[in-house]
Amino acid sequence: MNKNIWVLCDQTKAVTPHTLQLLYKANELASQIEAKVSVVYIGPLPKKELEELALYGAENVIYFQCREQDEFVYTKALASMVKEKEPGLIIFPASILGRTLAASLSSEFEAGLTADCIEIDWEKDGFVFFRAALNHTVIAKIKGIHSKLQMCTVKQNVFTTATVGTIGKLHIEEFIYESSENPLSLVEIINQKEKENSTHHIGLSKVVFTVGRGIGNKENFDKLLKIAQRLNAEVLGTRAAVEEGYIEKCKQIGQSGINICPDLYVGFGVSGANQHMVGLKNAKMVIAVNSDKYAPIFEYADYAIVEDVSSVLKELEII
């Protein structure tokens, strides 16, 4: 079985936090099984902009320069690469394009595809994938069978990242793909505008205050917002906080929301359900405030404050 691992780059920019997180994980896996890691880029960027990837552990880059944003061409080019080079694993970002390409390749090659992975490992003779299942109440362990190619999509901040320094000369290989087969060739694009993504920077702050149902009331929530603004912290929430109307769905942490990797996470009235905690597994420090001394979050916390949220907020207001 081919163990070599591919990481698909973000389409609009080569060096993004998401790409680097996937690359870091790929290198971690490769070191265990003596595999090679390649970064695959399909899009309009010139060759020079790919060179920075060497600082993050990339030794090899395969790129197909395509100036037109055409998912059909992207899919066919990537399929051609796979047929020629036969990787064992492709890790896709869980973006719109990444999910589209992964689904198309899975169908074409009848290959295993696990969506929204939270962990990837190697066991004996193959890659295994972990993701939430049964309405996010359990973690499923998945292994693809009857296929040489395995694939998965991963959301941003599921894995951590770090620079490794220059590892040597980066080998950049241009892939040549030509095809006149394009069902979109009869379509005239009159106007094309990229949708603005107002949530692009959500969850990237180094300090995160998280609201749970235990925040208690709107007054406490408003106090927390003012404290967070003064301390330059971002306010996010649990699924329960979303259901209570304290926080928007786009700011929900967890398997059914976003993943974060802050330097400091402080949970206010967060119980610590498994599906929430999986969204912050890369947080460097966790502080939990909860009046219930048996709250599950205390099992994960570096510092536990068994106290009513209102009392803690009063103390923070005078700091």
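Here are some questions and answers on the side-chain contacts, strands and backbone of this predicted model.

Residues are numbered from 1 along each chain as its sequence is written, and side-chain values use heavy atoms, with hydrogens and water left out. Since this is a predicted model, local features need pLDDT of at least 70 and side-chain atom pairs count only at pLDDT 80 or more, while totals for chains, interfaces and linings use all residues.

Q: Is the pair of Trp-122 and Phe-127 stacked, tilted or edge-to-face?
A: Rings of Phe, Tyr and Trp (its six-membered ring) pair if their centres lie within 6.5 Å; planes under 30 degrees apart count as stacked, over 60 as edge-to-face and the rest as tilted. The structure holds 3 aromatic pairs. For Trp-122 and Phe-127 the ring centres are 4.9 Å apart and the planes sit at 80°, so this pair is edge-to-face.

Q: How many residues apart are Phe-221 and Tyr-246, whose rings form a tilted pair?
A: Their ring centres are 5.7 Å apart with planes at 40°, so the pair is tilted. Phe-221 belongs to helix H4 (residues 218-230), and Tyr-246 to the loop between helix H5 (239-243) and strand S13 (264-268). Helices (H or I, at least four residues) and strands (E, at least two) are DSSP runs, numbered from the N terminus. The pair links distant parts of the chain, and the separation is 25 residues.

Q: Which residue in S3 stands opposite Val-40?
A: Two strands pair if DSSP finds at least two bridges between them. S3 (residues 60-65) is mostly covered, with 5 of its 6 residues buried. The residue in S3 opposite Val-40 is Ile-62.

Q: What is the bridge partner of Asn-60 in S10?
A: S3 also pairs with strand S10 (residues 171-174), in the parallel sense over 4 bridges. In S10, the partner of Asn-60 is His-171.

Q: How far is the sulfur of Cys-152 from the closest cysteine sulfur?
A: A disulfide is a pair of cysteine sulfur atoms within 2.5 Å, and a search of the whole structure turns up 0 of them. Cys-117 is buried at 1% relative accessible area, and Cys-152 is buried at 0%. The closest cysteine sulfur to that of Cys-152 is in Cys-117, too far for a bond at 4.2 Å.

Q: Where is Asp-116, a non-glycine residue with a positive phi?
A: Phi of Asp-116 is about 55°, although Asp-116 is not a glycine. Asp-116 is also buried, at 17% relative accessible area. As for its place in the chain, look in strand S5 (residues 112-117).

Q: What is the phi of Asn-157?
A: Asn-157 lies in the loop between strand S9 (150-154) and S10. With a relative accessible area of 4%, Asn-157 is buried. Its phi is positive, in a residue other than glycine, and near 75°.

Q: How far apart are the closest N and O atoms of Lys-141 and Glu-123?
A: A salt bridge is a side-chain nitrogen of Lys or Arg within 4 Å of a carboxyl oxygen of Asp or Glu, and the whole structure has 16 salt bridges. Lys-141 forms one with Glu-123; the pair links distant parts of the chain, Lys-141 being in strand S8 (residues 138-143) and Glu-123 in strand S6 (residues 119-123), 18 residues apart. Glu-123 has 30% relative accessibility, so Glu-123 counts as partly exposed. The closest N and O atoms are 2.9 Å apart.

Key: Buried means under 20% relative accessible area, exposed over 50%, partly exposed in between (1.4 Å probe, protein chains only).
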